[in-house]
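Please find below a colleague's note on the model under review.

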Amino acid sequence: MNGETDIFNLIHALEDVSGTGVCLYDSKHFFSYYYGAISKNNTGHYCPFCRAVRDLPGGREACIRCDVEQVWNLAQRYRTPFFNVCHAGLCENIVPLRQGETLLGVLFLGQCVVEPEVTFESVYSRIEPLHAGRERFRVLFEQLPHTQRHMLTSAGVLAQFSLEKLLSGQTAFLPEEQPDVVRMAQGYIESNYQNELSLRKISGVLHVSPAYLSRRFRSLTGSTLTDYIIETRIRQAQKLLIHSEIPIQHISMNVGFENANYFSRVFKRQTGQSPGAFRRASAE
């Protein structure tokens with residue numbers, strides 16, 4: 001394997017596919033040592049907006065606290081890509097890169113505007129205290145990549161899968177037999193539970209009618225597809241509550257719930273406990 005070429009091409013392919021910026025924070029110098037062709041522009045947040053924020057009074061310190069401290073601490077706890085909003089209000093998908101239990105680095109996909117969640121006003125309210133010029137940053141904001149959350153999280157899944165395969169030297173396994181539509185739906189949900197999911201969306205991805213998928217799913221699993229989506233999200237939330245100290249609001253955002261209060265109600269309905277009570281009971 002030509003490591004330098006592979007890692008260089010992979011990073012730039014991720015940029016092309018996601019339409020966002022990609023950078024790799026290499027804390028152990030693992031990638032610098034083994035994959036020396038990572039370009040300078042991919043070793044940090046170098047888009048014009050981020051450069052301008054760092055040049056503001058206190059901007060560099062805020063970026064360091066966000067990227068080097070807060071995100072790194074979260075990446076130590078997460079085993080899979082997770083959605084994050086930086087101190088300036090831009091969105092990113094964070095991909096922890098591990099070798100066993102060791103966190104080698106963190107891949108950032110983003111420095112972008114996720115529509116319709118992020119607006120100029122929501123971003124400017126965060127950087128105005130740093131004495132950011134409104135019109136200057138409005139122009140820089142419009143130059144940022146604009147995308148949707150599901151595109152960003154899907155790029156994170158692809159990035160982790162590709163990098164793990166590249167680093168391990170394995171090739172993708174293609175099953176000889178086409179799986180049943182129900183297993184395909186379950187696999188899609190397991191990989192995309194962070195995103196907005198519905199019967200219509202999943203049936204469209206699998207190129208079957210919603211009525212057929214609904215009927216087939218219930219007949220083989222005894223559960224509705226909607227219930228399976230909720231169960232998957234709650235199961236992932238339980239893992240994070242047990243094995244990490246990640247704030248409950250952050251967990252709710254990263255298992256597919258936009259509203260933390262709604263997440264708490266659903267969690268209690270499914271488990272009989274609030275997320276906080278479940279975490280406390282698991283620690284005893």
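1. The model is predicted: local features need pLDDT of at least 70, side-chain atom pairs count only at pLDDT 80 or more, and totals for chains, interfaces and linings use all residues. Residues are numbered from 1 along each chain as its sequence is written, and side-chain values use heavy atoms, with hydrogens and water left out.

2. The chain contains 14 helices and 5 strands (DSSP runs numbered from the N terminus, with helices being H or I of at least four residues and strands E of at least two). Of its 284 residues, 46% count as buried (under 20% relative accessible area with a 1.4 Å probe, protein chains only). The accessible surface is about 14900 Å², and carbon and sulfur atoms make up 51% of that area (Shrake-Rupley method, 1.4 Å probe). Among contacts with a separation of 6 or more, 63% link residues 24 or more positions apart (contact: heavy atoms within 4.5 Å).

3. Strand E4, residues 102-114, is mostly covered, with 12 of its 13 residues buried. Strand E3 (residues 91-99) runs antiparallel to E4 and is joined to it by 9 bridges (two strands pair if DSSP finds at least two bridges between them). Within this pair, Cys-91 stands opposite Cys-112. E3 and E4 form a hairpin with 2 residues between them, and Gly-100 in the turn has a positive phi of about 65°.

4. Strand E1 (residues 21-25) is antiparallel to E4, with 5 bridges, and Gly-21 has Gly-110 of E4 as its bridge partner. Strand E5 (residues 146-147) is instead parallel to E4, with 2 bridges; here Val-113 is partnered by His-146.

5. Is Asp-67 buried or exposed, and which side chain of opposite charge is nearest? Asp-67, in helix H4 (residues 59-77), is buried yet has no salt bridge, and the nearest such side chain, Arg-54, is 6.3 Å away. A salt bridge requires a side-chain nitrogen of Lys or Arg within 4 Å of a carboxyl oxygen of Asp or Glu; Lys and Arg count as positive and Asp and Glu as negative, while His and the chain ends are not counted.

6. The side chain of Asp-67 makes polar contacts with those of Tyr-25, at 3.4 Å, and His-45, at 3.5 Å (N or O atoms within 3.5 Å; within protein, one must be able to donate a hydrogen and the other to accept it, and residues adjacent in sequence count only if both atoms are side-chain atoms). Leaving aside residues up to four places away in sequence, Asp-67 touches Tyr-25, His-45, Trp-72, Glu-92 and Phe-108.

Key: Buried < 20%, exposed > 50% of the residue type's maximum accessible area, 1.4 Å probe, protein only.
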